[in-house]
Amino acid sequence: MARRMYVVGNWKMHGLSVDLAEIEAIAAQARAYPAVDTALCVPAILIERAARTVPNFTIGAQDVHFAEKGAHTGCVSAAMIEDAGAHLTIVGHSERREGQRETDEEVRSKAEAALTAGLSVILCVGERLEVREAGAAVPTVSAQLEASLPRGEGVARGVPNKFAIAYEPIWAIGTGKVASTQDIAEMHSAIRERLRASYGDAAEKVRILYGGSVNAENAAEIFAVEDVDGALVGGASLSADKFIPIVRAAFDASR
Ligand code: PGA
């Protein structure tokens, strides 16, 4: 099944007004690769300005609260994200699972809230180094995915068209270390299996991205792996110079 390649930048806690020019440069240069869906997930407070700066480019959030509204000081709802001009949100990034102690259950509620509100979702999963070293990466990530997968009526509309998974081994994020192509292939195939078990035929359309130290040098090799439909990119998404070669590699891989 042919799935469009998807390359998404995760700016994490980077980005001020002055960086809107870089977002503009990324959006402009990405236009040369129309076969690739490209997006940038920026800090919540930058979404509106970014969306106004590049109205024809997909801007996303990095997190969303699971409630529609209410007494949740400091949090941002799916409707707010959409209202600000974003069409996408990441949920369950390991920096939130670890740093903010987000549980699988919370991640699942966030994904459900976002899909129900009409946002696209990238749900992240990934194992710690000790799990990988103990040979338990595949069952651990499969269990994490199973417990985090959105379900329910509002979700059925969003899966598969607005739903993607990002496999990001925690030990590969921001470290310069990348999983071997063999390990990526094994994990992505296990993820596809889990998706089939939950969503049946719709699972074939769900894109599975790899994330963790993806850059211009290693992107082509990663994109050549079976069942890799793109990348979630942190550090190398902060400038057009580093990000666009990854988009180009995805474009080349999709031909
Ligand atoms: P990295 O981050 O590309 O800087 O490793 C990826 C991510 O955390 O999404």
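**Cysteines and rings**

Visitor: How far is the sulfur of Cys-124 from the closest cysteine sulfur?
Guide: The closest one belongs to Cys-41, and it's too far for a bond. This is a predicted model, where local features need pLDDT of at least 70, side-chain atom pairs count only at pLDDT 80 or more, and totals for chains, interfaces and linings use all residues. Residues are numbered from 1 along each chain as its sequence is written, and side-chain values use heavy atoms, without hydrogens and water. The gap from Cys-124 to Cys-41 is 8.9 Å.

Visitor: Is Cys-75 buried, partly exposed or exposed?
Guide: Buried means under 20% relative accessible area, exposed over 50%, and partly exposed in between (1.4 Å probe, protein chains only). Cys-124, at 1%, is buried. Cys-75, at 38%, is partly exposed.

Visitor: How are the rings of Phe-163 and Tyr-199 arranged?
Guide: Rings of Phe, Tyr and Trp (its six-membered ring) pair with centres within 6.5 Å; planes under 30 degrees apart are stacked, over 60 edge-to-face, the rest tilted. The search finds three such pairs. With centres 6.2 Å apart and planes at 85°, Phe-163 and Tyr-199 are edge-to-face.

Visitor: Which residue's ring has the charged end of Arg-207 over it?
Guide: The test wants NZ of Lys or CZ of Arg within 6 Å of the ring centre and within 35 degrees of the ring normal. Arg-207's charged end sits 4.1 Å from the centre of the ring of Tyr-6.

Conventions. Disulfide = S-S within 2.5 Å.
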